[in-house]
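The sequence and the model are shown first.

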Amino acid sequence: MNVLGVTTQHHPTRTVITVAGDMDLQTHPQLAQAASLVPEHCTSLEMDLSGVSFMDSSGLNLLLLLRRRLQAQGGRLTLTGLRHQPRHLLALTGTDRLLTADTAAHHRPQAPRRPRG
């Protein structure tokens, strides 16, 4: 059984859901329940997926449903921390053009490395 960790932080106009584990058919109900608790007045939902190394079509479908719901309310879904496989899935399915990915939200720029010598 896959274990999914979901943390939700509510702010006045924004909600952040941090996910750790696989987003697949087994964990879909738990993630869908967490997403259903996003307040109606939320205009911005950030999904931090830095802890997700695998996502299948059920995880992708949930993201698309959330996007549609937020857009209907005049809101926006932003994905942060996309790792290789989930990013590849979005590119492969063409949904990377629909889902906003903010790659800078959780990554600090690294200082240039000095050559050893």
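## A right-handed crossover

Strand β2, helix α1 and strand β3 together make a right-handed β-α-β unit. A crossover is called right-handed if, with the strands pointing away from the viewer, the path from the first strand over the helix to the second runs clockwise. Helices (H or I, at least four residues) and strands (E, at least two) are DSSP runs, numbered from the N terminus.

The model is predicted: local features need pLDDT of at least 70 and side-chain atom pairs count only at pLDDT 80 or more, while totals for chains, interfaces and linings use all residues. Residues are numbered from 1 along each chain as its sequence is written, and side-chain values use heavy atoms, with hydrogens and water left out.

## Overall composition

The protein has three helices and five strands, and from the N terminus on these elements follow the order β-β-α-β-α-β-α-β. Of the 117 residues, 37% are buried; buried means under 20% relative accessible area, exposed over 50%, and partly exposed in between (1.4 Å probe, protein chains only).

The accessible surface comes to about 7,400 Å², and carbon and sulfur atoms account for 53% of it. Accessible areas come from the Shrake-Rupley method with a 1.4 Å probe, and for residues only the protein chains shown count as cover. Among contacts (heavy atoms within 4.5 Å) with a separation of 6 or more, 67% are between residues 24 or more positions apart.

## The sheet

The five strands form an open sheet of mixed pairing, in the order β1-β2-β3-β4-β5. Its edge strands, each pairing on one side only, are β1 (5–10) and β5 (100–102). On average, neighbouring strands of the sheet are turned by 25° against each other, direction ignored. Two strands pair if DSSP finds at least two bridges between them. In general, strands of a sheet pair through backbone hydrogen bonds, either parallel or antiparallel.

β1 and β2 form a hairpin with three residues between them. The two strands run antiparallel, and six bridges join β1 to β2 (residues 14–20).

Helix α1 (residues 28–36) lies across β1, β2 and β3 (44–51), running at about 5° to β1. Helix α2 packs on the sheet as well, touching β3 and β4, and its direction makes about 145° with that of β4. Axes are lines fitted to C-alpha atoms, for helices over the stretch in contact, and angles run from 0 to 180 degrees between N-to-C directions.

The residues Leu31, Ala34 and Ala35 of α1 are buried. Seen down the axis of α1, these buried residues fall within an arc of 100°, so they line one face of the helix; the arc is that of the directions from the helix axis to the C-beta atoms. Their cover includes β1, β2, β3 and α2. The face of α1 turned away from the buried side carries the exposed residues Pro29 and Gln33.

## Helix α3

In helix α3 (residues 84–93), the buried residues are Pro86, Leu89 and Leu90. They cover an arc of only 95° around the axis, which puts them on the same side of α3. The elements covering these residues include α2 (57–72) and β4 (76–80). On the face of α3 turned away from the buried side are the exposed residues His84 and Leu92. The helix is followed by glycine 94, whose phi is positive, near 80°.

Which residues does leucine 82 touch, not counting residues up to four places away in sequence? They are Leu49, Arg87, Leu90 and Ala101. Leucine 82 lies in the loop between β4 and α3 and is buried, with a relative accessible area of 12%. The C-alpha atoms of leucine 82 and leucine 49 are separated by 5.5 Å, although the two residues are 33 residues apart along the chain.
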